[in-house]
Amino acid sequence: MAEKTEKNDVKKTHRELAVELFNKTWDLMDKEDRTAEDTDHMIHAAHASRYHWGVVGEPLHWQRGEWQVSRVYAVAGHPESCLYHAQRCMVITETYAIGGFDLAFAHEALARAFSLLGDAEKMDKHLALGKEAAENVQDKDDREYCLSELDNIKIA
């Protein structure tokens, strides 16, 4: 019985860290006067959150974690890493048939990565696919948020 309690405690700790680090990453992404050290912390926090979700999460957590890591690299100006994690996000999305809001944002991640890489053709393809997916998002606020994020992507 003690072993089961200990495993539950470990899982609880992983989940708490995943959430805390995910939120910390958002705080750092939104920080207007982010320093180079803040950027390093942002990257590490995103990876750490994804790691913890990999231990205790489900495919949706993994997908959103890869999306966040991709976005962090976009914010930090590292296009190759941004693309790598955007592609990982899409693989998880397709493998587990994740749709709606999260499908739209998987395309958003790819469009953003291709924008940073200067590939207008692939950027436009994923913008169109992202907008198509966003149109199927039931919640109006979520749909409008997806579309607004897609509309912010321009060729770098």
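Trainee: Which helices do the buried residues of helix 4 pack against?

Mentor: Good place to start, and keep in mind that this is a predicted model. Helix 4 covers residues 79–95, and its buried residues include Leu 83, Ala 86 and Met 90. The partners they pack against are helix 2 (36–56), helix 3 (59–76) and helix 5 (100–117).

Trainee: How many Å does helix 4 reach from its first C-alpha to its last?

Mentor: Begin with its 17 residues. At 1.5 Å a residue, 24 Å is expected, and the reach is close to that. The value in the model is 24 Å.

Trainee: Is His 126 buried or exposed?

Mentor: Beyond its neighbours within four places in sequence, His 126 is in contact with His 107, Leu 110, Ala 111 and Phe 114. Buried means under 20% relative accessible area. Because His 126 has 9% relative accessibility, it counts as buried.

Trainee: And what is the relative accessible area of Asp 40?

Mentor: Asp 40 has its place in helix 2. Asp 40 is partly exposed, and its relative accessible area is 43%.

Trainee: Which residues do ring pairs link into a cluster?

Mentor: Here we look at aromatic rings, whose centres must lie within 6.5 Å to pair. The count by this rule comes to five aromatic pairs. The cluster that ring pairs link consists of Trp 26, Trp 67, Phe 101, Phe 105 and Tyr 145.

Terms used:
Residues numbered from 1 in each chain as written. Predicted model: local features only at pLDDT ≥ 70, side-chain atom pairs only at ≥ 80, totals over all residues. Heavy atoms only, no water. Helix = DSSP H or I, 4+ residues; strand = E, 2+ residues; numbered from the N terminus. Expected span 1.5 Å × (residues − 1). Buried < 20%, exposed > 50% of the residue type's maximum accessible area, 1.4 Å probe, protein only. Contact = heavy atoms within 4.5 Å. Phe/Tyr/Trp six-rings, centres within 6.5 Å; stacked < 30°, edge-to-face > 60°.
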